[in-house]
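Here is a friendly walk through one model, written for someone who likes to have the structure open while reading. Please keep your viewer at hand.

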Amino acid sequence: MTKFLLPGREVHEFSLCEALIAEVEQIALKNGALRVQSVKVRIGPLSGVETQLLQHAYPFATAGTLADGSTLEIEPALLRVHCEVCDFESKAEPNLLSCRACGSHLTKVVCGDELMLMRVELFTT
Amino acid sequence: MCDTCGCNITPGNRELAYKPVNGHTAVSVLKNLLAGNDDQAKHNRQHFDSHGLLAINLMSSPGAGKTALLEATIDALRDQYRIGVIEGDLETENDAERIRAKGVPAHQITTGSACHLDAHMVHDALHEFPLKELDILFIENVGNLVCPASFDLGQHRNVVLLSAAEGDDKPAKYPVMFRAADLVLLTKSDLLPVLDDFDPVRAESYLRNLASRAPFISLSSRKNLNLQGWLKWLRLELTQQREQSPSSGRTTQSRGQPNDAYPDTQAHG
């Protein structure tokens with residue numbers, strides 16, 4: 001039996017926040033930064049991440065890191081699908097991804113499932 | 001394109017990337033937040049491919065019958081295929097013991113309080129298995145319709161279970177999970193006559209609203225009803241996986257993994 005008892009992994013937004021901070025710290029070190037000023041992420045409604053929980057976890061996950069005290073900016077992404085039948089691109093809802101024009105279920109998500117680190121602002125002096 | 005040597009810096013974003021402005025620097029990144037997990041998942045998938053085995057990630061809410069499905073599957077296939085099971089739960093060795101009682105190797109991961117398995121946990125568990133002696137590896141994820149959907153474990157296929165004792169609108173309530181399914185199983189179908197508020201047609205239409213083309217099969221593991229559809233799907237997937245890897249170097253990847261559409265690093269213009 002393998003036991004994983006790492007504190008703070010209860011909510012996946014927290015593990016995600018830790019992955020984000022690890023990435024941000026790496027970028028900060030690579031650029032010789034003293035500390036991080038702000039972090040911008042883009043999150044789609046189909047990413048499975050609750051933005052409020054992420055925002056709430058952020059100060060706890062950054063404590064004691066180079067990103068301590070930095071702000072997290074969350075840019076919500078639009079959810080759009082492309083229809084393979086009528087070639088129409090339309091807005092969609094997370095639980096209604098069918099084509100707005102012809103009603104077909106043969107669609108592909110064009111954007112809206114992303115979970116991306118977009119930009120990091122660093123204090124360099 | 002990577003983010004280690006600087007080749008993701010283009011004339012369009014160079015200024016944004018490195019030029020210090022008033023003592024601060026802005027770095028544009030465009031990297032998937034789960035890149036660390038996804039790299040490990042890719043590594044796990046290579047392990048599976050090199051041993052020619054099929055890895056299936058089973059997900060559902062707690063109590064939908066994942067372990068019962070595995071027990072019935074082992075009973076049906078034990079003479080044809082060598083099966084291994086990784087069990088994920090918050091606590092107890094109970095599910096692994098149920099699988100071992102069927103004479104199949106099982107390793108229990110207890111996550112403590114974590115609500116999902118991730119690729120690193122699965123990788124650690126792989127050391128407990130003689131992978132080259134297996135045909136199918138089932139990974140029974142922590143019972144949860146939310147978090148497990150976001151973490152690629154390296155599996156080839158996602159199977160999501162929905163039991164007749166739940167609401168038939170679960171696909172509409174948990175779209176991220178059901179969208180990731182390559183197959184949806186309606187379990188405990190023997191209870192449908194008494195649970196008359198569950199309409200399988202309605203459940204499937206909620207699934208189709210997610211633009212899902214996953215087959216929808218109803219079965220009962222306990223009463224051994226309609227297991228053939230599931231077993232046929234499994235055999236077909238295994239055959240396909242063997243034809244693809246390792247000779248061709250191609251692999252099957254489950255649907256709905258966000259990183260499919262978004263490479264780790266992109267040029268930013």
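## Ground rules

This is a predicted model, in which local features need pLDDT of at least 70 and side-chain atom pairs count only at pLDDT 80 or more, while totals for chains, interfaces and linings use all residues. Residues are numbered from 1 along each chain as its sequence is written, chains are lettered from A and ligands numbered from 1 in the order in which they are written, and side-chain values use heavy atoms, with hydrogens and water left out.

## Chain B as a whole

Chain B holds 9 helices and 8 strands; these are DSSP runs numbered from the N terminus, helices being H or I with at least four residues and strands E with at least two. Of its 269 residues, 59% are buried. Here buried means under 20% relative accessible area, exposed means over 50%, and partly exposed lies in between (1.4 Å probe, protein chains only).

The accessible surface of chain B is about 10700 Å², and carbon and sulfur atoms account for 51% of it; such areas come from the Shrake-Rupley method with a 1.4 Å probe, and for residues only the protein chains shown count as cover.

Strand β7 (residues 183-187) of chain B is largely enclosed by the rest of the structure, because 5 of its 5 residues are buried. Leu183(B), Leu185(B) and Thr187(B) point one way from the strand, and Val184(B) and Leu186(B) the other way.

β7(B) runs parallel to β6 (residues 157-163) of chain B, with 5 bridges joining them; strands count as paired if DSSP finds at least two bridges between them. Leu161(B) stands opposite Leu185(B). β7(B) also runs parallel to β8 (residues 216-218) of chain B, through 3 bridges, and there Phe216(B) is the bridge partner of Val184(B).

## Helix α9

Which residues of α9(B) are buried? Among them are Leu227(B), Trp230(B), Leu234(B) and Gln241(B).

## A look at chain A

Leu29(A) lies in helix α1 (residues 12-30) of chain A. Leu29(A) is exposed, with a relative accessible area of 63%.
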